[in-house]
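Dear colleague,

I am passing on the structure we spoke about, and I would be grateful if you could look through it with the notes below at hand.

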Amino acid sequence: MLSASALQRLGIAVASTGLALLVGLVVVAATGYDPVQFLVDVFEGSFGDSTATARTLKFTTIFVLTGVAVAVAFRAGVFNIGVQGQFVVGGFATIVTILWLAPFLPGGAVGGVALMALGTVAAVLAGGAYAAIPGLLKAYADANEIITTIMLNFIAVGVVGFLVEGPFRGEGNRAPNTARLPEYVDLPRLVYDNPDFSVVGLAVAVVTVVIVAFVVGRTRFGYDLVTSGRQEAAATFSGVDPDRMVVATMTFSGMLAGVAGAVFAIMIQGYYSDPSGVATYGFDAIAVSLLAANNPLGVVPASLLFGGLDSAGSHISINSDLPVQLIDGIIGLVVLFVAAPELFRMAAERVGLGEDRR
Amino acid sequence: MSASVGDYVEGNSLRLGGALGVVALAVVAALSLDVPLGEIVTVGFVERSLQAATPIALAAIGGLYAEKSGVFNIGLEGFMIFGAVNTAMLVWLVGGSSPTQGDLAVAMVGAVLVSLVYALVFAVFLIRYQANQIVAGLAVWFIGLGFGPFTAVLLWGNRNSPGLVSVQDVTVPVLADLPVVGPILFDTSPLVLLTAVVAVAAWVVLYRTKYGYWLQAAGENPEALDTAGVDVNRVRYAAVIFSGILAGLAGAVLLAHAGSFTGTGDTMVDGRGWIGIVAYLFGNYNPLGAAAAALLFGGLDMLQIQFQTAGIELPNRLVSLFPYIAVVVVLSVWGSTRMPAAVGEPYESED
């Protein structure tokens, strides 16, 4: 995939998504539902009206942050499949920190902003630290990070689930949830009147992406990160310690996952619930990143697409009896097709499209 | 390249010594902390551990074959989800709400055949279209996580199936009455025995037959195998399809032991495919070693029941994390296994 041009990558992304949707439509038809109605539902559910658009942008916000977290790791040749776990740990840290600090700070807008900032810092630290574990294990014990990060996802969900059920359950809560954040700790509602979405959250996500793009594209750290992913020998030759680079990359990626967790906790939930019920933003982020060819800026449009798909899923689950899990399956198919660019190259050659390989 | 048990012990003395050391340490800790060891290590515990180990062992042996041939099948977890949900679906379609043992057997065979088709498609993606093995394997997992529960919702209107049927224990007369060994080996799930047979057969084929030699050569030195006139990619196709079949069987076995399909969260497979990968790494790519490692993870998985009956106050939710923690520890201590040399590299014949 590294030898593909930007245009080819875009073509592969579009073709993968189109093909996955087509397979989805076939499944819809084969299971006795109306594929045309499905398509209409997808469009209405994602951008049909301002409610749908706000919902799409809500999912997009989280996907942008989790997606860029995955992308920086993949760029450096490190497979961080643990964004989901880092996201959970970060979000939980945000809620706990804000709940702890709230009594010590003034209420109102000033206190709210200060608490949100401190909560986000806590998420960044927690997410980074949690991601550093598989980084250290890979660098110094040669443990495959794909498997350790997946195991750490299970462990994060289990431990945080245990904590919100027992020690951190809000007083008098029947459900296994923490206490709610104070009223004044929330992002302002601008443009869209949706309790779970704020344009400020989206702005935070986009600014984060721009910063990451700058770090990856314009700084020494970013240069080392990309070269250690593409040409390990060259990176080592220019004085980069590959072990330290792996740890740094994982930590950086986990910090971004932490930001995603903080935005999710503050903007969407307002408390923390059992993470086994939280949507798998960290896994879908892998699809987002792959579709964006692991380019930080490319993550934004890819997130919009997946935000739209998830939003359509919410719409379908209310307005149709078609099982919404179909959307997850389609996302999996997108990943499968993105993994095999050769498939499209061969297909394109057969129909006489595109330039010669090599 | 051939390996006898003696060679295995010699080549893996550190691994075996480490495993023994951990067990010894656990026993010492249990004794010194006054844990009722007798109530934890019971015949029932061994039986349950063997049952819990079977799906992990089957998936591990399949994954090991694929990797030995030079293809990293990281999609085991996904194939297991499909194996489980398809078995549940077929049981329901064949036997309705009160299926028999025969219906279960038919469903398991059917689900394994479906797995064969999926694995064939996956193999074409990996070998013909040279898909990124890691990304494609993850994709299989995601597709399983989506379409597994999707199938359940279509059939039962719920991500979980109703209670269907679980496999009955087979009791061998007379032998079953032997103390300890009797209930563990001669009064147990036939699928445990099947897994033992598969593990031994996989070992024999891998180390004692021409096919096993080809398989190892395809992963270690594909050029040499090609020169010897054997089609490398054909060997790899066979290995990947075999791994998909075994992972599908692993999912079917999981369902047959549980009796119903669970599609919430990470589904009933719940990471066992990933643990299978670690099991064969820990077993150093040896089918028997992989099965033994699976037993270790299966035992950890079943500890929560033992803790409860022994009255040990540990939150269930934390005890259930033991296998995952063990995987991280095992991988950190014995992470640097020597992979077959050509894993992950597509092979293109020069002619």
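**Contact between the chains**

Across the interface of chain A and chain B, two salt bridges are found by the rule. In one of them Arg317(B) is paired with Asp274(A), and the closest N and O atoms of this salt bridge are 2.9 Å apart. Please keep in mind throughout that this is a predicted model, and that every value here is computed from it. Between chain A and chain B there are also three residue pairs in polar contact, with both residues at pLDDT 80 or more.

Which elements give two or more residues to the side of chain A that touches chain B? They are helix 5 (108–141), helix 6 (145–165), helix 11 (281–291), helix 13 (325–339) and helix 14 (341–350) of chain A, and the largest share, 13 residues, is supplied by helix 6 of chain A. Sorted by class, this side of chain A has 30 nonpolar, nine polar and six charged residues.

Taken as a whole, the contact draws on 45 residues from chain A and 42 residues from chain B. The size of an interface is often expressed as the accessible area that is lost when the parts come together; between chain A and chain B the buried area is about 4000 Å², and carbon and sulfur atoms give 82% of it.

**Enclosed space**

Searching the whole structure turns up two cavities of 30 Å³ or more.

The largest cavity holds about 60 Å³ of space, and its lining consists of Gly70(B), Val71(B), Leu126(B), Ile127(B), Gln133(B), Asn233(B), Arg236(B), Glu345(B), Pro346(B) and Tyr347(B). At least two residues of that lining come from each of helix 6 (101–128) and helix 12 (232–258) of chain B, and by class the lining divides into five nonpolar, three polar and two charged residues.

The second largest cavity, with about 40 Å³ of space, is lined by Asp186(A), Leu187(A), Arg189(A), Asn194(A), Pro195(A), Asp196(A), Phe197(A), Ser198(A) and Met267(A). Here the lining comprises four nonpolar, two polar and three charged residues.

With kind regards

Key
Residues are numbered from 1 along each chain as its sequence is written. Chains are lettered from A and ligands numbered from 1 in the order in which they are written. This is a predicted model: local features need pLDDT of at least 70, side-chain atom pairs count only at pLDDT 80 or more; totals for chains, interfaces and linings use all residues. Side-chain values use heavy atoms; hydrogens and water are left out. Contact means heavy atoms within 4.5 Å. Buried area is the accessible area (1.4 Å probe) that two parts lose on being put together, summed over both. A salt bridge is a side-chain nitrogen of Lys or Arg within 4 Å of a carboxyl oxygen of Asp or Glu. A polar contact is a pair of N or O atoms within 3.5 Å; within protein, one must be able to donate a hydrogen and the other to accept it, and residues adjacent in sequence count only if both atoms are side-chain atoms. Helices (H or I, at least four residues) and strands (E, at least two) are DSSP runs, numbered from the N terminus. Ala, Val, Leu, Ile, Met, Phe, Trp, Tyr, Cys and Pro count as nonpolar, Asp, Glu, Lys and Arg as charged, and the others, Gly among them, as polar. On a 1 Å grid over the protein atoms alone, a cavity is a set of points where a 1.4 Å probe fits but cannot get out, and a pocket is an open set with protein on both sides within 12 Å along at least five of seven lines; lining residues have an atom within 4 Å of a point. Grid points are joined across faces, edges and corners, and a volume is the space filled by probe spheres set on the points.
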